[in-house]
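Colleague: I would like to learn how to read strand pairing and domain contacts from a model of this kind. Please start with the terms.

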Amino acid sequence: MKEIYLIGIQTSYISEAIEICELSGYKKIILVDNLNNYRKKEIDGHEVFFLSKLLKSREKFNYCCCLHTPIFREKIVKALPSNFVPTSIIHPTAVISKKAIVSTIGVIIGANAVIGSHSIISDYVIINRGALIGHDVKLLDFSVIESGAILAGLSIIGRKSFVAMGAKILPKITIGQNAVVGAGAVVRTNVFDRTLVAGVPAVVKKKNIEGYIGTG
């Protein structure tokens with residue numbers, strides 16, 4: 001039976017992840033609460049387990065981490081034992097060039113996302129619904145691209161960086177590690193590590209940030 005464990009149910013993105021798995025033919029979807037305090041026993045008909053319980057087992061678990069905050073996502077992934085095997089989930093309406101490279105390790109790609117030729121999607125990246133990734137783009141580990149964002153050709157998004165809803169990254173732009181691009185921003189110049197930019201055109205709003213800190 002094709003089954004998957006979705007970790008991080010107390011995040012608004014869990015419903016998206018459930019839909020992707022349902023449409024991708026998973027017959028059994030098990031939801032995992034990493035906070036170990038969720039009171040309901042199921043969501044949308046799918047059973048809920050505490051992560052603490054699963055950690056006591058030596059059984060193999062194919063999983064995908066749905067936490068939207070890159071820092072939290074990395075922390076959970078690195079803490080899991082070797083019997084937890086990360087897998088990627090891709091919505092069937094996503095359009096991915098045959099010449100693009102998408103990691104099979106923990107990637108989530110939402111509905112109607114587009115990924116262009118020769119782009120590279122690294123481990124544990126999240127690309128939300130409707131995002132447009134141009135040609136020769138590199139998304140490094142744990143980066144998150146929100147709904148409707150547009151990344152033009154030859155752009156690079158650093159590890160654990162967050163590009164918010166509707167942002168536009170112009171061609172050949174590099175976004176550093178742990179950086180944040182605000183919603184609707186238009187980025188015309190490179191962004192340094194641990195920097196928050198926002199506006200049209202995007203300007204630096206804050207430096208030396210820890211990265212994007214969301215609720216899940």
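Modeller: Two strands pair if DSSP finds at least two bridges between them. Helices (H or I, at least four residues) and strands (E, at least two) are DSSP runs, numbered from the N terminus. A case here is strand β11 (residues 114-115), which pairs with strand β14 (residues 132-133) in the parallel sense over two bridges. Within that pair, I133 of β14 is the bridge partner of I115.

Colleague: What should I know about the numbering and the confidence limits?

Modeller: This is a predicted model, in which local features need pLDDT of at least 70 and side-chain atom pairs count only at pLDDT 80 or more, while totals for chains, interfaces and linings use all residues. Residues are numbered from 1 along each chain as its sequence is written, and side-chain values use heavy atoms, with hydrogens and water left out.

Colleague: In what order do the strands of the six-stranded open sheet lie?

Modeller: The order is β8-β11-β14-β17-β20-β23, with parallel pairing. β8 (95-96) and β23 (186-187) are at the edges with a single partner strand each, so one side of each has no neighbour in the sheet.

Colleague: Which strands stand at the edges of the open sheet of five strands?

Modeller: That sheet runs β9-β12-β15-β18-β21, and its pairing is parallel. Its edges are β9 (101-102) and β21 (174-175); each has a single partner strand, so one side of each is left without a neighbour in the sheet. β9 pairs with strand β12 (residues 120-121) in the parallel sense over two bridges, and V102 stands opposite I121 in β12.

Colleague: Where does antiparallel pairing occur?

Modeller: One case is β24 with strand β25 (residues 203-207), joined over four bridges. The bridge partner of L196 in β25 is K206. The two strands form a hairpin with four residues between them, and G199 in the turn has a positive phi of about 100°. On the parallel side, two bridges join strand β22 (residues 180-181) to strand β24 (residues 195-198), with V181 opposite V197.

Colleague: How is the chain divided into domains?

Modeller: Domain bounds come from an automatic or database domain assignment. Here domain 1 covers 3-87 and domain 2 covers 90-200. Their C-alpha centres lie 23 Å apart. The contact (heavy atoms within 4.5 Å) takes 19 residues from domain 1 and 24 residues from domain 2.

Colleague: How much area do domain 1 and domain 2 bury between them?

Modeller: Buried area is the accessible area (1.4 Å probe) that two parts lose on being put together, summed over both. For these domains the value is about 1700 Å², 59% of it on carbon and sulfur atoms. H68, P70 and R73 supply 31% of the area that domain 1 buries against domain 2, more than any other three residues.

Colleague: How many salt bridges cross the interface of domain 1 and domain 2?

Modeller: A salt bridge is a side-chain nitrogen of Lys or Arg within 4 Å of a carboxyl oxygen of Asp or Glu. The rule finds four across the interface. The side chains of E74 and K160 meet in a salt bridge at 3.0 Å, N to O. E16 forms a salt bridge with R129, with the closest N and O atoms 3.1 Å apart. E16 lies in helix α1 and R129 in the loop between β13 (126-127) and β14, so the pair ties together parts 113 residues apart in sequence.
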